[in-house]
Amino acid sequence: MNPISENIERIEKNIQNAIDTSSREREEVLLLAVTKTQPIEAMEEVFNQGLIYFGENKVQEFNQKYDEFSERVKWHFIGHLQTNKVKNIIGKVELIHSVDSLRLAEEINKQSNKKNCITNILIEVNVALEESKFGISVNNLESFLHEIGELEHINVKGLMTVAPFVENPENNREIFRKMKGLLVDNNNKNIHNICMTELSMGMSNDYKVAIEEGATIVRIGTDIFGKREYK
Ligand SMILES: *Cc1c(COP(=O)(O)O)cnc(C)c1O
């Protein structure tokens, strides 16, 4: 067996263990293969192992790879998104994980309107404040949901967070638990157009804990492909 298929097999086992521990169902958790910086050949291997959800974080790289795989895979955009690049990805991505400002949301809404589509998004929340540069603060989340709920070409599917890198994944458990709480609490506020089901949280080093705390999408790069090489 090649390393990638061994990696995916190990990850699947880990996911199943976390699912069992938390009495959830496997179908509730999507394994998103984070393909940033990875060459097409490695992505083909992952695709051949049955993974069809790919996540990219840069618009230009996404578009190059999109042309290569076109309709075969479902794309998620997971990186910080600049307003002026929104038009280059609308209609091509199934979910944008990283919406963190009203300006960005309005541009996604505008471009989706132009293309006559509705774009699924997650709101990036900064629960670990000092650690992350991006994301809506917990204090501003509710008012942000009120504003974004008014945008007709956006469908808010849930919340996303990038937890800090920690040696011991248990150290992120509180963050994941807090995210789940935010999802439930805000759904209960009956905000116009806001009914959230997705929680994108957990990466290579902490996805097991994230699943135990309610993640519905785990974003995994290194654990599938090995260490990234930046040119
Ligand atoms: C790169 C990246 C990941 C994957 O990180 P790994 O540690 O390689 O699994 C997940 N989420 C986001 C937003 C990323 O940029």
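In this predicted model, the largest pocket has a volume of about 850 Å³. The lining of this pocket is made up of 33 residues, and those closest to its centre are Lys36, Asn57, Ile78, Val162 and Met203.

**The largest pocket**
- The elements that each contribute two or more residues to the lining of the largest pocket are α3 (59-69), β9 (217-220) and α8 (222-225).
- When the lining residues of the largest pocket are sorted by class, 12 are nonpolar, 11 are polar and 10 are charged.

**The second largest pocket**
- The second largest pocket holds about 170 Å³ of space, and among the 13 residues that line it, Leu30, His76, Leu95, Glu198 and Ile217 are the closest to its centre.
- By class, the lining of the second largest pocket consists of five nonpolar, three polar and five charged residues.

**Arginine 24**
- Arginine 24 lies in the loop that runs between α1 (3-21) and β1 (30-34).
- Because buried means under 20% relative accessible area, arginine 24, with a relative accessibility of 15%, counts as buried.
- The side chain of arginine 24 makes a polar contact of 3.1 Å with the side chain of glutamate 28, and the arginine 24 side chain also reaches the backbone oxygen of alanine 215 at 2.8 Å.
- Leaving aside residues up to four places away in sequence, arginine 24 touches Ile19, Val29, Ile211, Gly214, Ala215 and Thr216.

How values were computed:
Residues numbered from 1 in each chain as written. Predicted model: local features only at pLDDT ≥ 70, side-chain atom pairs only at ≥ 80, totals over all residues. Heavy atoms only, no water. 1 Å grid on protein atoms, 1.4 Å probe; cavity = no way out; pocket = protein on both sides within 12 Å on 5 of 7 lines; lining within 4 Å. Points joined across faces, edges and corners; volume = space filled by probe spheres on them. Helix = DSSP H or I, 4+ residues; strand = E, 2+ residues; numbered from the N terminus. Nonpolar A, V, L, I, M, F, W, Y, C, P; charged D, E, K, R; others polar. Buried < 20%, exposed > 50% of the residue type's maximum accessible area, 1.4 Å probe, protein only. Polar contact = N/O pair within 3.5 Å; in protein donor to acceptor, adjacent residues only side chain to side chain. Contact = heavy atoms within 4.5 Å.
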